[in-house]
Amino acid sequence: MPQTSLTIETSGQGLYEFTEDAARFVRNEAMNEGLLTVFVRHTSCSLLIQENADPDVQRDLKAYFSRIAPPANDPSMDYLVHRLEGPDDMPAHIKSALTQVSVSIPVFDGRMVLGTWQGIYLFEHRDRPHRRELVLHLSP
């Protein structure tokens, strides 16, 4: 079963679309029908399938997650113990726990079966830049 890895360089919190990279992998494998699984190998970022037409959706998602898990130095988060890597670390783990580290996308007629406005995103939850590793696996 075909598998590849993909590295995404982030520059801070936000959504990073990689739909075309995944589509290219599926096209190159020339598998007519199957299932693409994408897995992120980290605990402070996550994966989303989300709208890719209106950038306000990304802005609003980022704002929402910032409200439910603000930085550890916010008074509302004073109960947090894990602060070793900075005030964005434990909130990043919380955001990741509320989302997902893998997504599955059906493949039909050699293409991912995504909706018109759907894109695949890495959702970075940390403030500083990171190199995020993803594994893409295609099964018949």
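**Exercise 1.** Which residues does His125 touch, not counting residues up to four places away in sequence? Find them in this predicted model, then describe the setting of His125.

*Solution.*
- Start by placing the residue: His125 sits in the loop between β7 (118–124) and β8 (130–139).
- Next, list the partners. With residues up to four places away in sequence not counted, His125 touches Gln13, Ser44, Cys45, Ser46, Asp88, Ala92, Lys95, Ser96 and Thr99.
- Now look at Ser46: its side chain makes a polar contact with the side chain of His125, at 2.8 Å.
- Finish with accessibility. Buried means under 20% relative accessible area, and His125 is at 1%, so His125 counts as buried.

**Exercise 2.** Find which residues touch the most other members of the largest nonpolar core, and trace the elements behind this core.

*Solution.*
- The largest nonpolar core has 23 residues, and Phe18, Leu36, Leu122 and Leu134 touch the most other members.
- Two or more residues each come from β1 (3–10), α1 (19–29), β3 (34–40), β4 (45–51), β5 (102–108), β7 and β8.
- Among these elements, α1 gives the largest share, four residues.
- Zoom in on Phe18: leaving aside neighbours within four places in sequence, Phe18 is in contact with Leu6, Ile8, Val38, Leu47, Ile120, Tyr121, Leu122 and Leu134.
- Another core, of six residues, lies apart from the largest one; Leu15, Leu48, Tyr121 and Phe123 are among its members.

**Exercise 3.** Work out how β8 pairs with β1 and with β3.

*Solution.*
- Take β1 and β8: they pair in the antiparallel sense over eight bridges. Glu9 stands opposite Arg131 in β8.
- Then take β3, which runs antiparallel to β8 and is joined to it by six bridges. Here Phe39 has Val135 in β8 as its bridge partner.

How values were computed:
Residues numbered from 1 in each chain as written. Predicted model: local features only at pLDDT ≥ 70, side-chain atom pairs only at ≥ 80, totals over all residues. Heavy atoms only, no water. Buried < 20%, exposed > 50% of the residue type's maximum accessible area, 1.4 Å probe, protein only. Polar contact = N/O pair within 3.5 Å; in protein donor to acceptor, adjacent residues only side chain to side chain. Contact = heavy atoms within 4.5 Å. Core = buried A, V, L, I, M, F, W, Y, C linked by side-chain atoms within 4.5 Å. Pairing = 2+ DSSP bridges.
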